[in-house]
Amino acid sequence: MVSVPRLVIAAPASGSGKTTVATGLMAAFAGRDLAVSPHKVGPDYIDPGYHALATGRPGRNLDAYMCGPGLIAPLFTHGASGCDLAVVEGVMGLYDGASGQGELASTAQVSKLLRAPVVLVVDASSQSRSVAALVHGFASWDPEVRIGGVILNKVASDRHEALLREALDESGLPVLGVLRRAPQVATPSRHLGLVPVAERQADALDAVRAMGERVREGCDLDALLALARSAPALPDEAWEPEPRPLEGSRPVVAVAGGAAFTFAYAEHAELLTAAGAEVVVFDPLRDEKLPTGTAGLVIGGGFPEVYAPELSANEPLRRAVTGLARSGAPVAAECAGLLYLARELDGRPMCGVLDASARMSERLTLGYRQAVAVSDSVLAVAGTRLRGHEFHRTVLEPGAGATPAWGLHQPERRVEGFVQGGVHASYLHTHWAAEPGVARRFVEQCRG
């Protein structure tokens, strides 16, 4: 059994202030010289970047849809190993999960799987006594979810705070913090959510410091730490990437990073390394050539549409990527990577590996997907089933090649993506911890 003090930060609805409170708590506790493990419920890539900035540790996702409920506690234990405290930021409202799937992938489900107390962040800006009814409803909805206290956000004045506290005295749940309105710590957003840390490093540092200061001033950190320490022990079943015996030298797997490609799960690099690869990160905005000895290429998600002029202007790297792909080397591209491999993006020349054109769209494509591999590729054999997530405001024409990457079965049946030589390119984000064979197969293909 392992005992990691832990809190889940949840809210009645999106926009209540979960990210501010969770990131602020991480920064405040890290400022007390505690080793804080940051986690995020769901497929979000952006919030974990702010969490990592606050704690100095990789932000990790806990997604019960993509990875399955059985992997949540092991993935958590893996990430929190050696830490004094773990803070888990929830997703959407406390009980909101995968569409039509009941509690699956909800913050409530993750809190139960982790046996972790929940702190409910309530936007109190337009209510007073009604806050008690709201909190009572959330606390009593599922008796297996343990709400240990409330943090009131966007409180207008001392009088407003007194009214809220008086109402909540009747609920039996302690008020663990009160945060006043503070626009100076707002973080900028655009078409897919918050602007990632990598694009605004200095401003993001200032924002995280401000969040930490707000939480230190407005929250009872001692009471919150005591609540975290009340969480019972979890079975010692930490997830670990299974190491493979080395067969000769480690093939170099280049992984795109930098401001344009910020979407990545920490476990992917760990799985590639365990499978025998030497993982080298490069920045397509700055580097004019691939890392020396590159045998395989991974291009994850991000915002190539924001940096299309710069990506297009880096012709030496585009030629290097095209040459590697045409040589038959393994290339795995997700979402942003798919667009980078296309012929053009919003009229700007890209790598031209795929005979397809991409453009920005007004329509947001968002949601979980069930997928099956249509054919053998560098990632999977035909028939392999995975769950993934789509999240983009771009359109690719055509959306699938002569040999598609995936057949999707939710919410509608369609084929998607490209398998072309050693290239596997798709809009679908997947979490390789759910199917470690993906990383092993990719590295084996890199060995030739």
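Biologist: What makes Arg387 count as lying over the face of Tyr65?

Modeller: Arg387 is 4.3 Å from the ring centre of Tyr65. A charge sits over a ring if NZ of Lys or CZ of Arg is within 6 Å of the ring centre and within 35 degrees of the ring normal. Therefore Arg387 is placed over that ring. The model is predicted: local features need pLDDT of at least 70, side-chain atom pairs count only at pLDDT 80 or more, and totals for chains, interfaces and linings use all residues. Side-chain values use heavy atoms, without hydrogens and water, and residues are numbered from 1 along each chain as its sequence is written.

Biologist: Why is the pair of Phe261 and Tyr340 called edge-to-face?

Modeller: Rings of Phe, Tyr and Trp (its six-membered ring) pair if their centres lie within 6.5 Å; planes under 30 degrees apart are stacked, over 60 edge-to-face, the rest tilted. Here the centres are 5.7 Å apart and the planes make 65°, so the pair is edge-to-face. By this rule there are seven aromatic pairs.

Biologist: How do you know whether Phe261 is buried or exposed?

Modeller: Its relative accessible area is 5%. Buried means under 20%, exposed over 50%, partly exposed in between (1.4 Å probe, protein chains only), so Phe261 is buried. Tyr340, at 1%, is buried too.

Biologist: What makes E1 and E4 a pair of strands?

Modeller: Strands (E, at least two residues) and helices (H or I, at least four) are DSSP runs, numbered from the N terminus. Two strands pair if DSSP finds at least two bridges between them. E1 (residues 6-10) and E4 (residues 85-89) have four bridges, in the parallel sense, so they pair.
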